[in-house]
Amino acid sequence: MFEISIKVVNGLAETTRHHDRYLLDHAFLRSLVELFPCSLLQLFSVQQRRDVAEFLLYSVLRPDSSLNVTSTETVDDPLAQALVQQVEQPRIVILDADDLSQRVLFPILDRSNELQAVLVYTGSRLDAMPQQVIQGMSQVYGNFLNIIDKAQRDKLTGLYNRETLDDEITAILSQQKALPINATEDDLRRRSETACYWCALLDIDFFKAINDNYGHVYGDEVLILVARLMTSGILREVDRIFRYGGEEFVLLLSAPEASDAQQALERLRTQVATYDFPQINHITVTIGFVQIDQQPSPADVISEADEALYHGKQHGRDQVCYYRQLLEAGHLSDKHHFDKVHAAEFF
């Protein structure tokens, strides 16, 4: 018992020293595997979309694997039903139990005791004490996840803040590195299966006039409403939205082709343009976007999206502009303008 207690303490210490979601998940699941050997651990993130709970299989760990990865594995019906039931009644649930093994669901709650994640253990049978230990460690993980999430959020809009943006783009760029000359067929296959990522810079048109005419308090209300529109289901749950600063937002999208990304951004632009804002009725946004594909740094990615945004601002606003398309049409030069002064009146 004393040895187990030491392992639990060490596991919690290892888990809570990380401030990155990937590393946090990895440390948490690894600690559990060392304490309770099993065949599979799964972490499901719970997302609320239009009053309906959706479960995203965020992390998977098998003892024979050194990687903790986002998974697209299918979920069988008994597990899917048990996950849905966790929303109404979060509790430890045992599935598929036999004499040797079982599958156990452990709910992970947020600060308001709402379900934020579910851990699924598949392995040898667990007695009451191990179940309590796993549940306790899961809640410590959930508490620390809350702390990380709060630190990453913009206080006004609740979106991710600018400080987390560089890390997200850096992680994507690391996945998009050019393949070596001696790349194998497996390397080529894995590259073909890698999703394409897109960075969009969105700016509210004439926002300065809104602040001047209605006051900064109302300007803040407009920012909050635009943020809510962006998170209302137009974009997928896996896409990330950031408050970049002022009236600018950054969106990181996953889409197979540029046309798919553009369609999603056009839907967002239309949603904002047709929304009835109090007092001012309607506003518009301009969006510039670029594929995240082997740029030298996150600053280069943002700079290219900004080039496309700047072009849209100069040519009518209320539109979505694709950097590569503008480049190929000769509307932009193939270089970055970090010291560019925007002469046009954007606001």
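Glu-221 sits in helix α8, which covers residues 216-230. The model is predicted.

**Glu-221**
- Glu-221 is partly exposed: its relative accessible area is 34%. That value falls between the 20% limit for buried and the 50% limit for exposed.
- Phe-277 is 56 residues away from Glu-221 along the chain, yet 9.7 Å separates their C-alpha atoms.

**The sheet**
- An open sheet is built from 5 strands, ordered β7-β8-β6-β9-β10, with mixed pairing.
- The edges are β7 (240-245) and β10 (320-322). Each has a single partner strand, so one side of each lacks a neighbour in the sheet.
- On average, neighbouring strands of this sheet are turned by 20° against each other, ignoring direction.
- Strand β9, residues 285-291, pairs with β10 in the parallel sense over 3 bridges.
- Cys-321 in β10 has Gly-288 opposite it.
- Helix α5 (residues 165-175) packs on the sheet. Its contacts are with β6 (197-204), β7 and β8 (248-254). The direction of α5 makes about 30° with that of β8.

**Helix α10**
- Helix α10 spans residues 298-314, 17 residues in total. From first C-alpha to last, α10 reaches 24 Å, close to the 24 Å expected at 1.5 Å a residue.
- Why is α10 largely enclosed by the rest of the structure? Because 15 of its 17 residues are buried, where buried means under 20% relative accessible area.

Technical notes: Residues numbered from 1 in each chain as written. Predicted model: local features only at pLDDT ≥ 70, side-chain atom pairs only at ≥ 80, totals over all residues. Heavy atoms only, no water. Helix = DSSP H or I, 4+ residues; strand = E, 2+ residues; numbered from the N terminus. Expected span 1.5 Å × (residues − 1). Buried < 20%, exposed > 50% of the residue type's maximum accessible area, 1.4 Å probe, protein only. Pairing = 2+ DSSP bridges. Axes fitted to C-alpha atoms, helices over the stretch in contact; angles between N-to-C directions. Contact = heavy atoms within 4.5 Å.
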